[in-house]
Amino acid sequence: MTTYNYFRLTGSLLMAACVTLGASAQQAETALPDDTAGYVVARANTPASIERLKLENLHFTHSKNASGIQLDSIGYYSQVALGLDREKGSLKRVQEGANNTAYSFSTDGGGRIAGLRNTYVWGRFSYTRENLRDAEYNATLFDPLRGTPFYLADPNKSKWINQLFDMEVKAASPVLWRHVVIGVDLGYQNGQAAKQLDPRPLTSLSKFEINPGVTVLLGSKHALGAHYHYYSRREDGAATNSVTLVNQTAYVMNFPGFFINAEIGSLNADNQRIYNANCMGVGGEYTFRSKGVHLLLSGNYSQEVEDVTDSYSIPKMVGTTIDERYSVALNARFTLSRANALLFNLSYDHRSIDGIQYVQEYDNSFEVAKWIIKAKNIRSNASSAYLRGSMQYMRTTDDGGYDWTIGMGMESEQLDNIYYFPHSTQNIDNITMNLFAKKNFRIGSRHAILAGVRGALKTNSDNAIDYNGYKADTECYRDFTLRDFYSLGTGYTSCGGEVTYSLSGLFGSRGALFVSAAADYFKAQDHQDLFKDRLLASFKVGLLF
Amino acid sequence: MKKRTIFSLVTLLGATLGMSSCIDMMESAHDASIVDPISVAIKVSAVTGFVDSDGNGEADPNFKPAGLNVRFVNYDEDAIIETTTDENGIAVADVTPGNYTISVTGNVEFEGATYYLNGSLQNKALMHDISPEEAAASQDYSMSIRPAQVGSLCFREIFYCGSPGYYFRNQFYEIYNNGDEVYYLDHLCFAQLHPNVATATLPEWPAEDGQNNYVYGMVVWQFPGTGQDYPLYPGESVIVAQEAADHTKNQGGTGEYALMDNSKVEFEAWSGNAQRNNPDVPNLTYVYWSGSVNTLQWLTSVFGSAFCLYQPGRELTYEDTSYWKLGETTQHPVGSSTEYARIPADQILDGVELIPTSTALNMKRIPGFVDAGAASVEAAYVNKSVCRKVIGHRADGTPIYQDTNDSSADFEVMTPPMHRRNGEKQPAWSWSLNQ
């Protein structure tokens, strides 16, 4: 029945996403004055114009409050693409694959629907199939880096095959009662991950997300928005051995450096992890728009609680996490003149994950026959804080694209882990700076090559580890905890570039065909005995409507 | 319209219940506070007399419980905190709240002999500070340990887990004279202890049995002889097989998975299956069998049973109802009518606890004075055995094995199982030497 419901929900969301593909093109009609001052005369859908569209429409890109999209000057677009991603090299987190390939199909698009009084509808759907090779210390999770400290790990370098269906729908009503816009952002993910070496779990993941929101227009320049945020995520997997004669070493992880030695085999039933998460949050937005200026000041707060158990039949609490996040951001777009635009983003994100562990006793009396919780305590905390800033100048064109752009960004990263007893800490501070430039070469009226170069420098400004646990002499501590600590604090230099060829003027002159290739090379600057480099490459072919 | 209203109400109710459950989950998580370590004290004393069910026993002043190693083990976290007892037998440690197995190991000298003071408390909930004064005054935080003299007779190798293909008939048990004096096997009893499979939920025995005064046998075999018929000299071993057959003749694995040839062992633990009796091999006699006798075979758990050797000092028989009496030589757990052989602590020579995996020490079932730890081959039907570690050799080349009454430390896993793998000698009376 649950599977049936997933199919039904998946179908509904997919249909909603497809609605946008058939929506008729509408001229942008916003609730507030057009801050682009009408410089976009007739936007053609090209790789450059869609990139610009997403950069300039601040609510669309930077807010979960879908109702705010009516404050954007977003027009209709739609795209569909097939992608191939390659990733290779030792400069990585321990649990990431060393040599990965991903195939993807993705589509997104939307616009205002005239038949629904300019209601905005947008949808996104993607399917990704990843082959991760030589991933380590994970025998449970679809994404071992998502934040939970409670999972089963094993030391075998393994191949994983992960596939994920990810879809999202945003809808915003027309302006109601001259002041109010109501919107909703719905998301659904369904994935499976299968490890290809003993111990091998088949992990299932599903996540449903809803963000209803409202925006109130205060005159012609100001608007206030608020939204509610909720998601439910379930993930479960049980690791088993296909070679039953050989037990596999496993670690029941409670926190980096704090784990239980275990074995997965015929006599050990502790091979399953069931995750049940609920998250609630709120967000608020203030928008200012006038001729040539669009500011979005936003703040978000959310709290996720995730219980982890080890069985469906007689569940024992493995742990609970309280994942608290807040963020503030200022995003601005300045349309300086007909051909000049400046984008500015500044944000601060903070995340704090408390890890709760339980003291339990099994009551085997006939009437009870379950694990009884006798005490629970917060045993660990992992926090991260990011301060990010970026600025981008864009030489725009009347067709909605751009001629060239240049930008720079900075990110300050602060990671702090603490295990309260035995008292152990990890602290890492990093700063990353990046520069990029892109040029759109037009060849005739229909052909274009969008080419870009970029580079980044990450430096570690501080790191310290103070471990007082019981496992300092173990392979899992040295090979996993320490190596992962070093990877987080390893600086690098990177350079990369991308080239996109597009043939426009298709599908009634608004469509285009594109082929793109991109590559980035990262060279480790620290701990070069452990990490060398990483190459990321991606190829994509698609259509724009 | 009515249907739509009902559907809307149901949806609203579902959403409300879902939200309510979500809020409950969040509120419950917020009940937790940051952990504070606690300081706990444990009082250790050595007793040689009867220990009642509350753990009360008169401390024997001849055995000073000072300088003993005390380990607080939290298996839920793999946390091991070690400390030692002071001159009053008090050990103090800082730990996180949780369930602990507290084990005490060490030895003392008394009248020229070495005695082990090994004991353990399983699954003890330590949730708050316990001062040394509290520990000394409360039986909840005290351990009365029975000194065990270092014996010469021990289990050298046990093959219990079976072989690939779910083959279990080639189980064997090798008993070794690790001392420096001859030991006469006559009347020696070899017991399989209750519970058969390791469990964290131990049976409750009647209060009259007290604590750690007895262990309880499911099946008891006795060696033949009248007094000095079966000498076992230092460096000699005897092997008892479940079925004394050449199992290599059966279809099985090869190499490290090859089945055992048990056809030349000293004794067969034959329980009555006429089709599985090797007439060449002397049979041990079962003298106690809890419940009804399994005449198909004597199969001990492939996940690991517990065994002991004890010397009752007389010949026993299964049929001797004048000997096997409830409350004297047999006992049943509270709430059960199934009786088990009641084996006095002072008759035990050696014991070994075998558990499904070495991480399952919280499932230990026999008292610490018999075995402070437990051994495991970690899996079933993998053709592996547990064997004591060699710590030296005699002048004649026979090995000396580690025997500290702590199987976790004393045993190692071997592949494949093997009779007399380190040059142990066969006793001269062994039938296979005289055929």
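**Entry 1. Strand 6 of chain B**

How many of the 8 residues of strand 6 of chain B are buried? I looked this up at the start, keeping in mind that the model is a predicted one. I found that 7 of the 8 residues are buried, so strand 6 of chain B is largely enclosed by the rest of the structure. For this count I took a residue as buried if 20 or more other C-beta atoms lie within 10 Å of its own.

I then asked which strands pair with strand 6 of chain B. Strand 3 of chain B, residues 69-74, is joined to strand 6 of chain B by 5 bridges, and the two run antiparallel. In this pairing I noted V73(B), which stands opposite T101(B) of strand 6. Strand 9 of chain B is joined to strand 6 of chain B as well, through 6 bridges and again in the antiparallel sense. Here V104(B) has G119(B) in strand 9 as its bridge partner.

**Entry 2. The two domains of chain B**

I turned to the domain assignment of chain B, which gives domain 1 as 38-148 and domain 2 as 151-435. The centres of the two domains, taken over C-alpha atoms, are separated by 29 Å. I recorded that 19 residues from domain 1 and 16 residues from domain 2 of chain B take part in the contact.

On the domain 1 side, at least two residues each come from strand 6 (98-105), strand 9 (119-126) and strand 10 (142-145) of chain B. Strand 9 of chain B gives the most to this side, with 4 residues.

**Entry 3. An open sheet in chain B**

Which strands form an open sheet in the order 7-8-11? I found 3 strands of chain B in this sheet, with antiparallel pairing. Its edge strands are strand 7 (107-110) and strand 11 (148-149) of chain B, each of which pairs on one side only. Strand 7 of chain B and strand 8 of chain B, residues 113-116, pair over 4 bridges. In that pair, E109(B) stands opposite T114(B) of strand 8.

**Entry 4. Chain B as a whole**

I noted 3 helices and 28 strands in chain B. Its C-alpha atoms fill a box of roughly 95 × 65 × 45 Å along the principal axes. Of the 435 residues of chain B, 44% count as buried. Among contacts in chain B with a separation of 6 or more, 72% are between residues 24 or more positions apart.

**Entry 5. Where chain A touches chain B**

I counted 33 residues of chain A in contact with 30 residues of chain B. On the chain A side, the elements that give two or more residues are strand 10 (258-264), strand 11 (272-290), strand 12 (293-309), strand 13 (317-337), strand 14 (340-363) and strand 15 (370-396) of chain A. Strand 15 of chain A gives the most, with 6 residues. By class, the chain A side divides into 16 nonpolar, 11 polar and 6 charged residues.

I also looked for strand pairing across the two chains. Strand 15 of chain A and strand 1 of chain B, residues 33-34, are joined by 2 bridges and run parallel. N377(A) stands opposite S33(B) in strand 1 of chain B.

**Entry 6. Two places in chain A**

Why is helix 2 of chain A described as largely enclosed? I found that 8 of the 10 residues of this helix, residues 47-56, are buried, so the rest of the structure largely encloses it. The buried residues of helix 2 include P47(A), I50(A), L53(A) and L55(A), and R52(A) and E56(A) are buried too.

G505(A) lies in strand 19 of chain A, residues 492-506. I recorded G505(A) as partly exposed because it has 15 C-beta neighbours inside 10 Å. From G505(A) to V368(A) there are 137 residues in sequence and 71 Å in space, C-alpha to C-alpha.

**Entry 7. Confidence**

The complex has an ipTM of 0.83 and a pTM of 0.81. For chain B the mean pLDDT is 89, and 95% of its residues reach 70 or more. Where pLDDT is low, the predicted coordinates should not be read in detail.

Terms used
Residues are numbered from 1 along each chain as its sequence is written. Chains are lettered from A and ligands numbered from 1 in the order in which they are written. This is a predicted model: local features need pLDDT of at least 70, side-chain atom pairs count only at pLDDT 80 or more; totals for chains, interfaces and linings use all residues. Two strands pair if DSSP finds at least two bridges between them. Two residues are in contact if their C-beta atoms, placed from the backbone, lie within 7 Å. Ala, Val, Leu, Ile, Met, Phe, Trp, Tyr, Cys and Pro count as nonpolar, Asp, Glu, Lys and Arg as charged, and the others, Gly among them, as polar. A residue is buried if 20 or more other C-beta atoms lie within 10 Å of its own, exposed if 12 or fewer, and partly exposed in between; C-beta atoms are placed from the backbone. Domain bounds come from an automatic or database domain assignment. pLDDT is the predictor's confidence in each residue, from 0 to 100.
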